[in-house]
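Biologist: I am new to this structure and would like a close look at a single part, the place where the two chains meet. Could you take me through that part slowly, and then show me what lies around it?

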There are 2 protein chains.
Amino acid sequence: VPLPEKATHQQTRAFNAQLVLRTIYDRPAISRADVARLTGLTRTSVSALVAELLDSGLVQEVGRGQSTGGKAPILLRVVPDARHVVGLDLGGGSFTGAIVDLRGRIVRSAERPLRADDGRQPLELVFSLVDELVGAAQRPVLGIGIGTPGLIDSETGTVRWAVNLDWSELPLGDLIAERTGLPVHVANDSHAAALAEYTFGSEPSPDNLVVVMIGRGIGAGIVLNGQLFSGDAFGAGEIGHTTVVEAGEPCRCGSVGCLETVASVRAIVDRLRHLAPRHPGSILARDPDGIDETRAVQAFLAGDPLADDVVLEAARQVGRALAALVGALNVRRIVVVGAATAFGDRWLEAARHETRERSLPLLGRDTEVVFGRSRDDVVVLGASALLMTRELGLSLVR
Amino acid sequence: VPLPEKATHQQTRAFNAQLVLRTIYDRPAISRADVARLTGLTRTSVSALVAELLDSGLVQEVGRGQSTGGKAPILLRVVPDARHVVGLDLGGGSFTGAIVDLRGRIVRSAERPLRADDGRQPLELVFSLVDELVGAAQRPVLGIGIGTPGLIDSETGTVRWAVNLDWSELPLGDLIAERTGLPVHVANDSHAAALAEYTFGSEPSPDNLVVVMIGRGIGAGIVLNGQLFSGDAFGAGEIGHTTVVEAGEPCRCGSVGCLETVASVRAIVDRLRHLAPRHPGSILARDPDGIDETRAVQAFLAGDPLADDVVLEAARQVGRALAALVGALNVRRIVVVGAATAFGDRWLEAARHETRERSLPLLGRDTEVVFGRSRDDVVVLGASALLMTRELGLSLVR
């Protein structure tokens with residue numbers, strides 16, 4: 001049984017500094033007295049810590065609040081542009097990145113198509129993207145956050161295994177840190193998406209939240225008791241590679257019949273290409289080889305019967321996986337992000353229906369399956385949230 | 001974002017008293033000076049808190065330790081018999097209970113067959129079991145811990161739904177507390193089993209642990225970061241009622257094709273009764289209606305081919321559910337308890353093999369699926385651990 005270790009004075013001060021910053025960050029404006037009241041710290045401590053934050057430029061004084069008898073107190077707020085953060089998303093067909101301010105606002109974006117004609121390797125493209133964004137920053141850059149598919153050791157910033165990029169035991173964080181001299185934090189892209197929904201989501205976040213990202217692959221980020229849960233080896237949420245079909249299609253992970261092979265957007269496209277020639281009534285039959293995500297979505301939204309069959313079956317497979325998650329965790333709020341959200345409400349309704357049908361009624365009936373708010377930028381924002389959290393303690397999510 | 005509230009003096013004192021008791025409990029014998037060093041509390045505080053514990057009889061002085069220069073220090077230890085706890089297990093065909101000491105040693109057991117001929121209702125049997133055990137206690141009884149199947153609101157002690165006992169919204173904890181005047185804590189039986197394995201398991205417990213109980217029903221208790229995870233509505237671990245067979249057999253939960261209908265010991269017995277008449281070569285064909293758990297286990301251990309087919313397929317179904325858990329949580333240690341453990345190593349190997357086959361290799365290969373140490377008494381011990389934890393803070397598991 002672990003015991004709380006006695007904190008050193010320095011650790012206590014750093015902890016309290018983050019507590020004060022977070023308290024100011026969580027409100028539009030707040031007085032020193034209210035910070036002291038909310039944190040339980042003495043006024044003297046708060047004044048000393050606030051003085052440091054003012055010196056660093058992270059916090060500024062913004063006029064006076066309501067008087068409660070005596071002199072009206074000076075109010076403090078975090079300066080959104082005091083620092084910028086670079087967030088990267090290495091999933092999908094392009095690497096994307098952005099400069100993000102402390103409030104999660106995107107200041108500038110950049111992109112590198114993964115299959116570029118110039119023969120550059122993925123890592124060179126990451127360097128190029130980082131160089132452009134760090135070089136373009138108009139404010140001090142706090143660091144770089146990266147969300148990338150695969151098994152990521154988020155403590156060391158090592159990509160243990162990423163099949164889409166053919167990376168294995170790549171010390172990505174160290175490589176970028178050496179190149180830029182900046183702090184770098186790396187996480188699985190679905191985990192980053194969960195941080196984004198938890199930190200920047202529009203509604204107040206419940207303590208427990210599952211964010212499922214469905215695009216070329218399928219993965220989940222799980223927030224339990226307000227903290228990202230990574231599992232024993234950073235593999236929590238790897239639901240895309242659980243076998244769901246006996247002797248099914250080969251998966252890029254090396255196994256067969258994984259959830260990804262039947263329910264990802266990539267699987268939908270493959271299946272439509274395979275079936276379209278045999279379905280002359282489908283609008284997709286004209287050019288089966290030309291079917292891509294966009295055309296699959298168009299056909300489904302137009303009510304094409306072949307697209308209906310394939311897309312709704314994929315949604316039901318997702319629902320089955322979600323029912324297993326509901327049974328395991330009894331987490332009521334499940335947020336879907338990624339390319340699959342383009343299939344819209346009928347996809348969502350099919351996934352939701354299957355989730356509830358296959359769950360214990362008392363649990364399933366209270367489970368919400370919804371689309372996330374931030375779709376395209378969710379990983380970039382989550383990677384930024386990761387960086388801000390680890391460097392400034394701006395959120396309780398770790 | 002929640003902020004730590006400033007603790008009152010009284011809360012701090014109660015917290016520190018539990019910290020001191022736990023520190024003494026975790027060691028065979030310890031000096032006041034070492035308690036102070038390990039807890040970070042002052043010697044003065046420790047001496048005052050230890051004086052209270054000595055007065056209460058929970059702690060005693062047991063001679064002197066090694067001198068480290070000055071006078072050899074007096075050593076302290078928890079008195080295992082200072083208090084007793086009553087633990088109950090309301091799963092299975094009998095209600096069982098025990099008087100348990102503070103070290104988890106069973107002092108006296110009692111049992112009430114559920115389908116008694118005297119027509120008494122389940123709740124009357126619980127009362128009778130409690131009365132016997134509380135009445136027989138030779139030491140002050142700290143309280144009563146109860147593990148019971150179903151959805152249990154462990155904060156209020158309410159059985160929200162327990163299909164085996166036909167209970168719905170039953171305030172079990174309050175009813176027993178009123179009858180006895182003692183503190184009562186209630187939890188799902190699989191959750192209690194997880195507490196038992198975490199608290200009394202022979203090996204040092206990892207931070208994350210899944211305990212799967214497979215008997216008449218199937219359920220799991222999930223310990224994450226050293227704490228029992230209950231989910232949003234106390235339904236975490238209800239993996240037995242996730243649908244695994246399309247249009248499968250009816251389940252007692254009202255649904256069809258649940259994991260319980262194909263992989264529980266009850267399902268194995270039902271399936272053997274159904275198939276035995278058509279398999280004259282099986283030793284079970286002689287008396288299909290007489291097949292019960294004991295005969296099913298005997299036939300399997302004797303290598304009967306029909307029993308082999310049915311039992312190993314059930315084990316593989318369990319493995320599939322475990323693979324979904326591994327994908328969701330990446331918890332490396334999975335402990336199986338309950339009646340299914342009687343099927344022994346071949347059942348375990350089949351479940352383990354299927355778990356690994358169906359998991360992402362990098363996650364599956366490091367996953368251990370093992371039998372728990374404490375099989376019959378696991379829920380009684382877990383219910384006792386729950387009570388000790390909540391009343392004395394004797395474990396970090398909550």
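Modeller: In this predicted model, the side chains of B:R358 and A:E246 meet in a salt bridge, with 2.4 Å from N to O. That pair belongs to the contact between chain B and chain A, for which the count is four salt bridges, and across the same interface 24 residue pairs are found in polar contact, both residues of each pair having a pLDDT of 80 or more. On the side of chain B that touches chain A, at least two residues each come from α1 (9-25), α2 (32-39), β9 (158-162), β13 (218-224), α10 (305-329) and α12 (361-364) of chain B. Of these, α10(B) gives the most to that side, with seven residues. Taken as a whole, the contact draws 56 residues from chain B and 56 residues from chain A, and the two chains bury about 4600 Å² between them, 58% of it on carbon and sulfur atoms.

B:M388 counts as buried because its relative accessible area is 3%, where the cut-off for buried is under 20%. Leaving aside neighbours within four places in sequence, B:M388 is in contact with B:V85, B:V100, B:D101, B:L102, B:G393 and B:L394. One of these, B:V85, is 303 residues away from B:M388 in sequence, yet the two are 7.7 Å apart in space, C-alpha to C-alpha.

In chain A, a sheet can be traced strand by strand. Five strands form an open sheet there, in the order β6-β5-β4-β7-β11, and the pairing is mixed. The edge strands are β6 (106-113) and β11 (184-188) of chain A, each of which pairs on one side only, and neighbouring strands of this sheet are turned by 15° against each other on average, direction ignored. Strand β7 (residues 141-148) of chain A pairs with β11(A) in the parallel sense over five bridges, and A:I146 has A:V186 in β11(A) as its bridge partner. Helix α6 (residues 189-200) of chain A lies across β7 and β11 of chain A and runs at about 100° to β11(A). Helix α13 (residues 378-392) of chain A also packs on the sheet, touching β4 (84-89), β5 (94-101), β6, β7 and β11 of chain A, while its direction makes about 135° with that of β4(A).

Definitions and conventions
Residues are numbered from 1 along each chain as its sequence is written. Chains are lettered from A and ligands numbered from 1 in the order in which they are written. This is a predicted model: local features need pLDDT of at least 70, side-chain atom pairs count only at pLDDT 80 or more; totals for chains, interfaces and linings use all residues. Side-chain values use heavy atoms; hydrogens and water are left out. Two strands pair if DSSP finds at least two bridges between them. Helices (H or I, at least four residues) and strands (E, at least two) are DSSP runs, numbered from the N terminus. Axes are lines fitted to C-alpha atoms, for helices over the stretch in contact, and angles run from 0 to 180 degrees between N-to-C directions. Contact means heavy atoms within 4.5 Å. Buried means under 20% relative accessible area, exposed over 50%, partly exposed in between (1.4 Å probe, protein chains only). Buried area is the accessible area (1.4 Å probe) that two parts lose on being put together, summed over both. A polar contact is a pair of N or O atoms within 3.5 Å; within protein, one must be able to donate a hydrogen and the other to accept it, and residues adjacent in sequence count only if both atoms are side-chain atoms.
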